[in-house]
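Please go through the terms used for this model one at a time. For each, set the value against the cut-off and then conclude.

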Amino acid sequence: MDPVLYCMYLDKPMRDHVLLQTTARLNRPYEDENGRPKPSGFIIDFVGIFENLEKALQFDSNDIEGVVEDIELLKGRFQELIAEVRKTYLPIIAGKKKDKLYEAVLEYFMEESVREDFYTFFRELSEIYDIISPDAFLRPFIDDYETTAEMYRTVKENFENRVVSGREFSRKTAKLVQEHTASGKIQSSLEVTEINEELLKKIEESKASDTEKVFNLIKSINKAVAESTRQPYLISIGEKAWEVAENFKKRQQDTIDALEELKNLINEINQARREQAEKDIPDDVFSVYWTMKTYGVEAPEEKANQMLTVLKQYPYYSDSEAHEREIRKELYKVLLGSGSYDDMAEAKELVEKILRVLKSV
């Protein structure tokens, strides 16, 4: 039997183990090319077996509960969930101007518990949608369902720090979202662009809310870090951005402060890129230099150059414990021996930070 089997037609009486084994074929695990599991199978009953399932399957009712659900029951559950959408989630954006919808969604879902409840809610809603679609029954609910899917994508992309791909959705929901991406109601007024000298000017001139600007800069920095194979110093900047993002999402930092800190990090990235181009030194040496500089070490370029020979001598520090040990030892010598640090705990923190950055080169 093909594991992708979805639909089965029953045209003769069955009962007990024969019926259970036959219907179980529809529940075989299957994932499509995007890793999405098959949510259910579909049985068309021509002989009325499921009008009295417990009689057809002489087992304990607890054992067969949930094995087969009547499509009408699923439609009823879908209506219940849409009623909750209209009561709880659609009011978030009701009456808002188009340029305020995105901000309203971000503000509402700032609490982690609220987001987790929504994720659980939407998973059930989308699974049932996939089972029922394309039944004409869904027509009165499509707009509300599509808006809820847009909310889900917006929340995931901003709070989980990643782009929501098609595999995040059930198959039919992914298609619906894809078809309406450009024309959706909930759209950011800011694009996630490459970090350069013009970015902050664009942010300043934008009419987007400060909340939206914060999330946009977080995503911009995350994107830069993810593409930072030739700019490993961005790893430590990314860590700072992560701290700002976490404090902001937990409301431990207000919007204005978070926005200013992120602008400073953008300036730091631009400054680092300028200096790396001017100094024309290897990536690993520049990473040591920049990390020392941001920690306030005196003469950071001189100390980074002292490490040049050591880095060449022990090039496999990312994979070899022996090489990493030698690099660590030399870093302590450079920092403690020069009088830059007299606190061993502070020196250790910086050494570990430098090693973490170096391993990303």
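Q: What makes E260 and K263 a pair about one turn of the helix apart?
A: Both residues lie in helix α12, 3 residues apart. Helices here are DSSP runs of H or I with at least four residues, strands are E runs of at least two, and both are numbered from the N terminus.

Q: Why is the contact between E260 and K263 called a salt bridge?
A: The term requires a side-chain nitrogen of Lys or Arg within 4 Å of a carboxyl oxygen of Asp or Glu. The closest N and O atoms of E260 and K263 are 3.6 Å apart, so the pair meets the definition. The model is predicted: local features need pLDDT of at least 70, side-chain atom pairs count only at pLDDT 80 or more, and totals for chains, interfaces and linings use all residues. Side-chain values use heavy atoms, with hydrogens and water left out, and residues are numbered from 1 along each chain as its sequence is written.

Q: Why is K263 called buried and E260 partly exposed?
A: Buried means under 20% relative accessible area, exposed means over 50%, and partly exposed is in between (1.4 Å probe, protein chains only). K263 has 11%, so K263 is buried. E260 has 40%, so E260 is partly exposed.

Q: Which residues are linked in a network of salt bridges, and how many salt bridges does the whole structure hold?
A: The network links E324, R328, E352 and K359. A search of the whole structure finds 22 salt bridges.

Q: Why is S220 called buried, and what does S220 touch?
A: S220 has a relative accessible area of 2%, so the residue is buried. It is found in helix α10 (residues 210–226). Not counting residues up to four places away in sequence, S220 touches V192, T193, I195 and L199, where contact means heavy atoms within 4.5 Å.

Q: Is Y289 buried or exposed, and which residues is Y289 in contact with?
A: Relative accessibility is 5%, so Y289 counts as buried. Y289 lies in helix α13 (residues 283–294). Leaving aside neighbours within four places in sequence, Y289 is in contact with E275, K279, P300, E301 and A304. The C-alpha atoms of Y289 and A299, 10 residues apart along the chain, are separated by 9.0 Å.
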